[in-house]
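Work through the exercises below with the sequence and the structure side by side. Try each task before reading its solution.

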Amino acid sequence: MEVKIEKNEDITTVKFKGRLDTPASQEVAATLLPIQENAAGTIILDCEELEYISSSGLRIFLSLRKAAATKGGKVIVKSINASIRNVFMMTGFLNLFEIA
């Protein structure tokens, strides 16, 4: 699992590549902790190269959303494939996130 973070003024883009499964989630959560702590701007979760997301990965997305909501920021999920869109639909995440 690769995670690339790009900051541009008040927009932070997080690009995921690979499988966000349970083993990868702990490392990804630690990598994203500074973003979660400073979630006042816009956070874009770019999932163009994300192949799979587990419940642990969904929990990371939800934690970012909650942190952004409490700090006046927002989270946008971008470029999800059909498989991940299906997971989002089944879990109700399509209603929780702005999808671009």
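**Exercise 1.** Classify Glu-98 as buried, partly exposed or exposed in this predicted model.

*Solution.* Step 1: take the relative accessible area of Glu-98, which is 42%. Step 2: compare with the cut-offs, where buried means under 20% and exposed means over 50%. Step 3: the value lies in between, so Glu-98 is partly exposed.

**Exercise 2.** Find the strand that holds Glu-98 and the residues in contact with Glu-98, leaving aside neighbours within four places in sequence.

*Solution.* Step 1: Glu-98 belongs to strand E5, residues 98-99. Step 2: with those neighbours set aside, Glu-98 is in contact with Lys-74, Val-75, Ile-76 and Val-77. Step 3: take one of these, Val-77; 21 residues separate Val-77 from Glu-98 in sequence, while their C-alpha atoms are 6.2 Å apart in space.

**Exercise 3.** Give the order of the strands in the sheet and identify its edges.

*Solution.* Step 1: the five strands follow the order E1-E2-E3-E4-E5 in an open sheet with mixed pairing. Step 2: E1 (2-8) and E5 are the edge strands, each pairing on one side only. Step 3: inside the sheet, E3 (residues 42-53) pairs with E4 (residues 74-78) in the parallel sense, over five bridges. Step 4: Lys-78 in E4 has Asp-46 standing opposite.

**Exercise 4.** State which strands each helix touches as it packs on the sheet.

*Solution.* Step 1: helix H1 (residues 22-37) touches E1, E2 (11-20) and E3, and its direction makes about 170° with that of E2. Step 2: helix H2 (residues 55-71) touches E2, E3 and E4, and its direction makes about 175° with that of E3.

Conventions:
Residues numbered from 1 in each chain as written. Predicted model: local features only at pLDDT ≥ 70, side-chain atom pairs only at ≥ 80, totals over all residues. Heavy atoms only, no water. Helix = DSSP H or I, 4+ residues; strand = E, 2+ residues; numbered from the N terminus. Buried < 20%, exposed > 50% of the residue type's maximum accessible area, 1.4 Å probe, protein only. Contact = heavy atoms within 4.5 Å. Pairing = 2+ DSSP bridges. Axes fitted to C-alpha atoms, helices over the stretch in contact; angles between N-to-C directions.
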